[in-house]
Structures are given as structure tokens and as C-alpha cells.
Amino acid sequence: MKFSRCSIITMLTILLLTGCEQAATPVVPSAIASLSPSASPDPTVAPKPVSDTGVLPTNNTSASTPIKEPVGFEIGSPKEEPVVSVEKKQTKKSALKPIYSVGKGQVAITIDDGPTKYTEELLKVLKEQNIHVTFFFIGQNAAAFPQSVTEAVYEGHEVGYHSDTHPHMSQMTYDAQENEFNSGLNKLIKFDKHPVTLFRPPYGAYNNDTKLVTEEHHMQMVLWNEDPKDWATTDPSKGVKSVLAQVQSGSIIVMHDHPSTIAALPDIIKGIRKKGYTLVTVPH
Ligand SMILES: [Zn+2]
């Protein structure tokens, strides 16, 4: 069989291009891959969920792929929701009382949805301000940014748990909630010598089954009583104003791990201290 010169060049070009693509994929270190624009937390580029749990596609079983930004953030005032009806319905009523506030004269800053590519910078800011916060880390993100979890623990911050993949747990059966809970917790606990004792359900969405699962793990459920909607603005000064306008004795403030919040934090911390409140981590 004869090939024209032109067709040989075409074939060689195809081979070359295909070869390059195959060789490039596995050598991208996860740390660099995680900094790519595809990992951007910009809610406008949030990919389509692939299941009713809002779980976003991951590359097979790769533990180093952070979940893309959750389909939403913590918002509003959380309240208990009805359980999902299933055959094996749990009839036990949980006695767990979620924590919405801290003590008199105290304020707790809580930061959800990390670790992310921004957490290193966030930890630097917190150190400069000489403050400890309570993180609620997502299991899948902890696996993707293990160094940030280790550093948060080392720096003395309180590390709480925020599910594996950030689903609406109140829309899941008891068994599905338990699976979700276990899979992410296993990723997180290996970084902390101390047991993880605080859990915040994504979106503050919980029901009796969520409380039962939390209780079985000997953990407290932590919600919030101040939502400054930090994710809704890219203007740090608006974030500062929003927090300081609402803050009061006993506030648990829900915030998120992203750039405008990090930029706002120094003024938020100074403002809270100026009002005479003591900044604390959520007790357990
Ligand atoms: Zn969250």
C-alpha cells in the first residue's frame, strides 16, 4: 500500500498530537491541577450535579480531586426538616440539641467548605490577627489539600466536619446519610490526633436522621445564628459591614473559605474586638 507524502505527514501529526495529550494528563501534579481555573469556586461556573445528592463528578476514585464549589452555600436560619420516608425508617427520636450560639460576651467565627486553594492564605491572615476559628472541612477537600488541614490543626484551630461531598442531607435516607458521613469523616480524622467532635450539615439542612447519625459518632451538631452572606459579595468592605452590623453576644457567624472573606477578615476581627466581644472557637 502506498501513502502519499501528504497523508504520511497527516498521520504523523495525528500521532504526535494524540501522544502529547496522553502523556500530559498523568504528569500534572494534583497541587497544580487544583489551581487550574476548573477548580474555581466561582458559583457561575459550577458544573451540573450528576446525582440528586448534588455530588459533582470526580475522576473515578481519585482522592486528590477537590469537589468543585458546592451547589450553594450555607444560608439563612437552619431548622429541622422531616425525614425522608423509606421502608427501614428510623423510629428513634434523637435527643441531640444543635448548637446555635456560644456563651455570653463571646463570638465564634466559623469557616465552611474548605480546605481550598485559598486556605493557606487564610491561615496566614488568622495567625497575623492572633485568632483561632472553627473550620468545617469537607472530606473530599481535606483529601485534596491535606497540608492545609495539617496546618490548621497545628495552628490550634478547631477542626469540625462538614460532610464528604456537601449534599442536602435532609433529602437523603438514613442509610445514605450514614454512608456520606462515614466516607468523609474517614478522610478527615487521619489529620487530627484529637477526635473530630463537631459536625455542621451542609446548608444547615438536617432532620432527625441527621441528628441520629451525628449522635452515633459522638459528635455535636453546630449551626449558626449569624449569616452575613459573605459569598454574595466580592467587595470585602461590604462583608465587613454585614458582619459587624449583625454581630452580638453569643454569635456563631457562618462564613466561607474564599478570597473576599479572607480580605475582609482582618477588619471583621478588629471590629468584633472593638465591640468588646471575646473571639472563641466553638466549644465541645
Ligand atoms: Zn457548606
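Helices here are DSSP runs of H or I with at least four residues, strands are E runs of at least two, and both are numbered from the N terminus. With that naming, His166 sits in the loop between β4 and α6. Everything below comes from a predicted model.

**Figure 1. The whole chain, and where to be careful.** The chain has nine helices and nine strands. Of its 284 residues, 39% are buried. Among contacts with a separation of 6 or more, 80% join residues 24 or more positions apart. Mean pLDDT is 79, with 73% of residues at 70 or more. The stretch to treat with care is residues 6–62, where pLDDT stays under 50 and the model has 42 contacts beyond four places in sequence.

**Figure 2. Inside the largest nonpolar core.** This core takes in 46 residues, and those with the most contacts inside it are Ala108, Phe135, Phe137, Ala142, Val149, Ile253 and Ile268. Helix α9, residues 259–274, is the biggest contributor, giving six residues. In soluble globular proteins, nonpolar side chains tend to be buried together. Zoom in on Phe135 and, setting aside neighbours within four places in sequence, you'll find it in contact with Ile111, Gly114, Ala152, His157, Val159 and Gly160.

**Figure 3. Helix α3 against helix α9.** Helix α3 covers residues 119–128, and its axis runs 10 Å from that of α9 at an angle of about 5 degrees. Angles under 35 degrees count as roughly parallel, so that is the label for α3 and α9. On the α3 side the contact uses Glu121, Leu122 and Val125, while α9 brings Ile262, Leu265 and Pro266. Sorted by type, the residues of this contact are five nonpolar, one charged and no polar.

Figure 4. The peptide bond from Gly114 to Pro115 is cis, with omega near -10 degrees. Most peptide bonds are trans. Gly114 also turns up among the contacts of Phe135.

Figure 5. His166 has a positive phi, near 65 degrees, though it isn't a glycine. His166 counts as buried because it has 29 C-beta neighbours inside 10 Å, and 20 or more is the mark for that. His168 belongs to the loop between β4 (158–161) and α6 (174–189) as well. With 18 other C-beta atoms within 10 Å, His168 is partly exposed. His168 and Gly204 are 36 residues apart in sequence, yet 8.6 Å apart in space from C-alpha to C-alpha.

**Figure 6. Helix α7 and its surroundings.** Within α7 (residues 208–216), the buried residues are Asn208, Asp209, Thr210, Lys211, Val213 and Thr214. What do the buried residues of α7 pack against? Their partners are α6 plus the strands β5 (198–199), β6 (206–207) and β7 (220–221). After α7 comes His218, with a positive phi near 55 degrees.

**Figure 7. Lys229, another positive phi.** This lysine lies in the loop between β7 and α8 (236–246). Phi of Lys229 is positive at about 50 degrees, and the residue is not a glycine. Most residues other than glycine have a negative phi. Lys229 counts as partly exposed, with 17 C-beta neighbours inside 10 Å.

Methods. Residues are numbered from 1 along each chain as its sequence is written. pLDDT is the predictor's confidence in each residue, from 0 to 100. Two residues are in contact if their C-beta atoms, placed from the backbone, lie within 7 Å. A nonpolar core is a set of buried Ala, Val, Leu, Ile, Met, Phe, Trp, Tyr and Cys residues joined through C-beta atoms within 7 Å. A residue is buried if 20 or more other C-beta atoms lie within 10 Å of its own, exposed if 12 or fewer, and partly exposed in between; C-beta atoms are placed from the backbone. Axes are lines fitted to C-alpha atoms, for helices over the stretch in contact, and angles run from 0 to 180 degrees between N-to-C directions. Angles under 35 degrees count as roughly parallel, over 145 as roughly antiparallel, 65 to 115 as roughly perpendicular and the rest as oblique. Ala, Val, Leu, Ile, Met, Phe, Trp, Tyr, Cys and Pro count as nonpolar, Asp, Glu, Lys and Arg as charged, and the others, Gly among them, as polar.
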